[in-house]
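My entries follow, in the order in which I made them.

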Amino acid sequence: MSASPFQVALSPQDIAQAQALVTQLYSPGTRPEVQQSINRELLDVQRRPEAWGLVIPFLESSDPNVQFFGALTIQVKIARDWDAFPHEHAITLRDTLLELTGRAATRNLPPVTVRKLFVSICSLALRLAPTDTKHPESQWPNWVLGTAQTLSANGTSPGVVLEFLTIVAEEVARSDLVAEKKSQMDLILRDAAPAVVQAASSSFGTNGRTALKCLEAWISWGIPADNITPLIPLLIDLLSPNLDEDNFIAASDVLQEILTKSSLSEGGAGLRTLTLPLLEWVSRVGIEIMNQAVASEDSGSVSHSVCKLITALGEHSTQYLAAHLNETNVQKFMEVALGYTGFPGWYGIDEEESEMVLPFWYLLEEALLDADYVGDQNGELWGVAKAIYLQLVRILQRKVTWPAEPGWAKDQRDKFSNYRRDVGDALINAYYVLRDEMLRELVEPLVERLANEPVDWECVEATLHNIKAIQEALPVDPNPSLATLFGPRVLGRLPRAGTHRVRRTTLATVGAYATWFTTGARTRAGTPAGDDGDRVGPQTTANGSTLAVPGANTGEGAGLLLDAVGYVVAALEEPAVCGDAARALKELCDANRVRLAPHIQSFGELHQRLPRIPANEKGKVLQSIASVIQALPPAQAIDPILGVVTPVVTSLGQLLNDTNTPPEAVRDATIAHLSALTACSKGLTRSNDIFTFALEDPDTPEGQALLVAIEQARSDSRMAMLREEIVRLVGTIMARWCVDAEVSTAVSELIKSITALPSDATLLSLSPEPLLELVCTAARVQLTAIWLSLAALLVVQLDPPVWPRLSKESDGEVQRRTSIVAQATNGLVAAGLTILNSGAAMEANPDVAQDFFGYLTKVGGHFPKVILEMSGDIADGLFRITATALTLQERYSLVNACNFLTMFLRKTRNDGALVAPADAQLRKQGAILMEALLLGIGGSAPRSTVPNLAELLSNLVSRVPNEARTWMGSILMADNPTNAKIPAIAREKFMKTVLGTRSTKRTKEAANEYALVARGLEGSAFGYATSAV
């Protein structure tokens, strides 16, 4: 290359041919496949050093597309090929680029081409302006203002110069300079900021939108507050609906940037210079714009911009607003915020503003709870706050109401549904301010609406939606409003046929408040719950049948729960709402199993109605019934369990022996039966309720007595035979369909739900031993992630925790279980060695590899002796494929392999009897592990896994330090292509640090530094910004 990088010897024919390719690329008549071919050819051209020679002739072409490609080429060459550029020509490149850009701007080349040249200038400046060891003085110290002045001196219009300054801020903001160079670049921009602000603000009258966009970019970059403050009154003056609309919106955008991203955005800064002037503008101008938009039911671009500005101001100045609710300007602001929150029409169809303001109400509620007057609930300011949020509740009640006949497309319905969920969050904020007053505001009008015909069911549904939305915020205490809601005046009057949306929301509301019925439906001092004494008679389903749910004479507040169950059960047989009903029943029964247990007979009658319930919801109903059975004393639960589970097991057995039904139908029915058994097993699992768990804790006398009672009930011959039959049927299914993914998944779900640690065992829980044998048999046919994950689960259950009040297992029992796990592990590892015999095989079967090492992690954690006692060939193969996994690009398999070895090392270190044989194993296998670890850290593994590899490396070095020193030295100092890519000094430093420290943290830091060097990322902002350590 000669003195100028652009003076590359290219023949006119080469240039003409390249121009012709560009012209053809952008020609409307060129076929897509031809365009793709040309594009690849041009990309190849840009990669060559000769591409510099295309820039000047392309920019001087009369074809705009060719001009653009010339500008694009210089941008690409600077950004991508800078390392190959002869830096002695950097200044010549800078001067030539400035000259070309000035000519392009004065010749009025297309704006997109000029912008590309501006980006090229910024890209070059990012490389020349900061200093480094090779260039202790900046090669372009005043590049921002210097370039702007050069452009102006060459006759470039002020508007184009402002566009250049805009691009400067954008490009510097998105650059990935390391910290030192970034601080130098920031200093250059800070020095230029006053002149940029002056140039932009003086151009409001002539280049308003361009000047405002320039300011927005610089504020987003981060100019100092001193440069921002003088702009604020000028920007507010532009916020007049009588002036240019584009300038109004652009000025609003700049103010939003100041409020959200500038140096004044934190902590409500700029009270007198920013907040108060904007509040005064809102009370004078903003409110009028909002009122006109609301009156016309049409939010134009100006009103939409005002809404965005209001939202930004609210989020910036929340603390001030909360502390001054009684001031006129603040109240005007709240009026505007409420006006946009309740903007006429349906969100997503008629307007977009209402959703934008919702986050403000959350911030305001938080600020209110932090305000000084929060303790004075009867004071003036708290009264104003409650009035605001009460109005918000009424507005949102209207906004979430569906139209009677929407006729919307699916995406519109989905968007409105998402909006309703967002409204639910705002309603929770309102509840924290209003408390019980909010519930009264929702429930009392609901009573009136249901008492008068005709009923506006969409309005009723909206109210129920809002009540459901705030459930998570309500305490589970007695509440008269909720007692009314679930009593005869509301729930008793809600429809039991048709009106599907109302019923679905009602069912969802009942399910959401399931835990409230447990304690909240009880009332103080033994008084009846509201509406509990005025109960209607037995509930009737849509088809006229009477439900077998008892009446109200069942104890304190129980009538509310039973009425809720009755309403839910009535909907189970109707396909349009049965899914919601089944979910609600599951929630009710799970949360209230103890209160419902006395009515188990009624649930038996519900069980008899299963054939009439849609098949896809039967599982939830079975789980609901089983959860109520679980609350019975174990001895009393035997018959109900047999009554629910035996029909499923008997039917499954008959199905598997059926030779007349088509195999596909048998398979599908088998999956359905497995799902039914899974549902029963899940229902019989004990409640997650913390109070119930405390009573069932095996370390308490009550929990101990319960375990004894469960064990006695499990020993009942009928239960034992039932469990044996389930194991037999599962074995038959696995033998027939072990390679069928869907059946395997169904079996997996059943085993997960029907097995448990001894302390969590139910009457139906199966022993893990025969199931582990079945799983291993299936895995020998085809090793899958499902069988491996199940094996891991069962291994954990074979090593249950020892509870203080439970008898300790004998050494013989421990040895027996260890033998079972050893046999299973040898079989699974042998299968794994076949299917995962190489890195390519592991990456082709990532789920199997992940769960293979996941299984080994469980074995290493619970039965480390099994790993140590493996036969030589199997042990060698296991450590070989584990070492291979440590170098994979597939992250999860690698991490699981690390976890396995780390767990194994930790467990054998803590057991004195295992230390010596484990160290002997490590001395034998450690060399291949060390090589894999160093390869992985050095580049073959994803950089995000370096901490995992480093932790394992630290453990390995600490266990066998002498051998580790030998291994590291021979591997890192070897003369091979891998090491040749990494400087010897970096390898020596890494080895010295790892071998010289006992700190895992220090090893991780050294590994991270070594990984950056090995990957060529040392000193890069990207490398340090994405470090996992």
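**Entry: E351.** I started in the loop between α17 and α18 (353-356), where E351 sits. Helices here are DSSP runs of H or I with at least four residues, strands are E runs of at least two, and both are numbered from the N terminus. The model is predicted: local features need pLDDT of at least 70, side-chain atom pairs count only at pLDDT 80 or more, and totals for chains, interfaces and linings use all residues. Residues are numbered from 1 along each chain as its sequence is written, and side-chain values use heavy atoms, with hydrogens and water left out.

Is E351 buried or exposed? E351 is buried, at a relative accessible area of 3%. The cut-offs are under 20% relative accessible area for buried, over 50% for exposed, and partly exposed in between (1.4 Å probe, protein chains only). I then looked for a polar partner of the E351 side chain. The side chain of S354 makes a polar contact of 2.6 Å with the side chain of E351. A polar contact is a pair of N or O atoms within 3.5 Å; within protein, one must be able to donate a hydrogen and the other to accept it, and residues adjacent in sequence count only if both atoms are side-chain atoms. Not counting residues up to four places away in sequence, E351 touches F343, P344, G345, W346 and K399. Contact means heavy atoms within 4.5 Å.

**Entry: S753.** S753 belongs to helix α37 (residues 741-754). S753 counts as buried because its relative accessibility is 14%. Its side chain reaches the backbone oxygen of L750 at 2.9 Å. Leaving aside neighbours within four places in sequence, S753 contacts T678, S681, K682 and T685.

**Entry: α38.** I moved on to helix α38 (residues 768-781), which has 14 residues. From first C-alpha to last, α38 reaches 20 Å, close to the 20 Å expected at 1.5 Å a residue. The expected span is 1.5 Å times one less than the number of residues.

Which residues of α38 are buried? They are P768, L771, L772, V775, C776, A778 and A779. Seen down the axis of α38, these buried residues fall within an arc of 160°, so they line one face of the helix. The arc is that of the directions from the helix axis to the C-beta atoms. An α-helix has 3.6 residues a turn, so residues three or four places apart point the same way. E773, R780 and V781 are exposed on the other side of α38. The buried residues of α38 pack against α36 (717-737), α37, α39 (785-797) and α40 (811-835).

**Entry: α39.** Helix α39 has 13 residues and spans 19 Å between its first and last C-alpha, close to the 18 Å expected at 1.5 Å a residue. Its buried residues include W787, L788 and Q797. The buried residues of α39 pack against α36, α37, α38, α40 and α42 (846-862).

Entry: M930 lies in helix α46 (residues 912-940). M930 is buried, with a relative accessible area of 0%. Beyond four places in sequence, its contacts are L953, L956, V957, A964, W967, M968 and I971. I also checked A883: 47 residues separate it from M930 in sequence, and the C-alpha atoms are 8.3 Å apart.

L165 is in helix α8 (residues 158-174). L165 is buried too, at 4% relative accessible area. Leaving out residues up to four places away in sequence, L165 touches V144, A148, V196, C214 and W218.

**Entry: whole chain.** How many helices and strands are there? The chain has 52 helices and zero strands. Of its 1029 residues, 53% count as buried. Its C-alpha atoms fill a box of roughly 100 × 85 × 60 Å along the principal axes. Among contacts with a separation of 6 or more, 75% come from residues 24 or more positions apart.

**Entry: confidence.** The chain averages a pLDDT of 90, and 93% of the residues score at least 70. pLDDT is the predictor's confidence in each residue, from 0 to 100. By element, the lowest mean pLDDT is 48, in helix α52 (residues 1021-1025), and the highest is 98, in helix α17 (residues 328-341). Over residues 523-556 pLDDT stays under 50, and the model has 64 contacts beyond four places in sequence for them.
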